[in-house]
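The following note sets out some remarks on the structure shown below. Each point may be checked against the coordinates.

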Amino acid sequence: MTLSVALGGGKYSVRAAIPWDGRSVLKGTMERAVAFDTETALIDREIPAHVPDIALATACSGADAVLIWPEQLPRWIALHRAQPIVGQNIPYDLCIWANEW
């Protein structure tokens with residue numbers, strides 16, 4: 001499914017994210033890296049040092065967008081180790097990954 005989005009006077013086509021198939025590699029370049037984000041359970045206000053569990057991860061190459069289940073993350077990371085990755089809060093994501101594995 002492709003969505004049409006208008007932002008800042010421009011129109012963009014965006015493909016809806018699909019579940020990752022466990023095999024495909026999103027291709028990135030230094031000019032257009034693969035965007036990645038980890039979603040977690042809420043941070044416990046009573047125990048803020050507790051690292052929340054991973055709920056879902058997302059990745060987008062600009063051409064393709066995928067949803068990655070927590071149990072798929074080690075394989076996704078291994079298959080994408082040669083791809084340039086960018087994210088909004090990578091230190092937080094790395095902390096979450098380290099806590100899981």
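**Remarks on the predicted model**

1. The count of salt bridges in this predicted model comes to one. The pair is formed by Asp21 and Arg23, whose closest N and O atoms are 4.0 Å apart. Arg23 counts as exposed, at 60% relative accessibility.

2. A search of the whole structure for disulfides finds zero. A disulfide is a covalent bond between the sulfur atoms of two cysteines. Regarding individual cysteines, Cys60 is partly exposed, with a relative accessible area of 30%. Cys95 is likewise classed as partly exposed, its relative accessible area being 39%.

3. The sheet is open and consists of five strands in the order E3-E6-E5-E4-E7, with mixed pairing. Its edges are strand E3 (18–19) and strand E7 (85–86), each of which pairs on one side only. Helix H2 (residues 90–100) packs on this sheet and touches E4, strand E5 (54–60) and E7. The direction of helix H2 makes about 60° with that of E4.

4. Strand E4 (residues 34–40) and strand E7 run parallel and are joined by two bridges. Within this pairing, the residue opposite Ala35 is Val86 in E7.

5. Which residues does Leu73 contact, leaving aside its neighbours within four places in sequence? They are Phe36, Ile54, Ala57, Ile68, Trp97 and Trp101. Leu73 is found in helix H1 and counts as buried, because its relative accessibility is 0% and the class requires a value under 20%.

6. Gln72 lies in the loop between strand E6 (65–68) and helix H1 (73–79). Is Gln72 buried or exposed? Gln72 counts as buried, because its relative accessibility of 16% is under the 20% limit. Not counting residues up to four places away in sequence, Gln72 touches Trp20, Gly22 and Leu67.

Note on methods: Residues are numbered from 1 along each chain as its sequence is written. This is a predicted model: local features need pLDDT of at least 70, side-chain atom pairs count only at pLDDT 80 or more; totals for chains, interfaces and linings use all residues. Side-chain values use heavy atoms; hydrogens and water are left out. Two strands pair if DSSP finds at least two bridges between them. Helices (H or I, at least four residues) and strands (E, at least two) are DSSP runs, numbered from the N terminus. Contact means heavy atoms within 4.5 Å. Axes are lines fitted to C-alpha atoms, for helices over the stretch in contact, and angles run from 0 to 180 degrees between N-to-C directions. Buried means under 20% relative accessible area, exposed over 50%, partly exposed in between (1.4 Å probe, protein chains only). A disulfide is a pair of cysteine sulfur atoms within 2.5 Å. A salt bridge is a side-chain nitrogen of Lys or Arg within 4 Å of a carboxyl oxygen of Asp or Glu.
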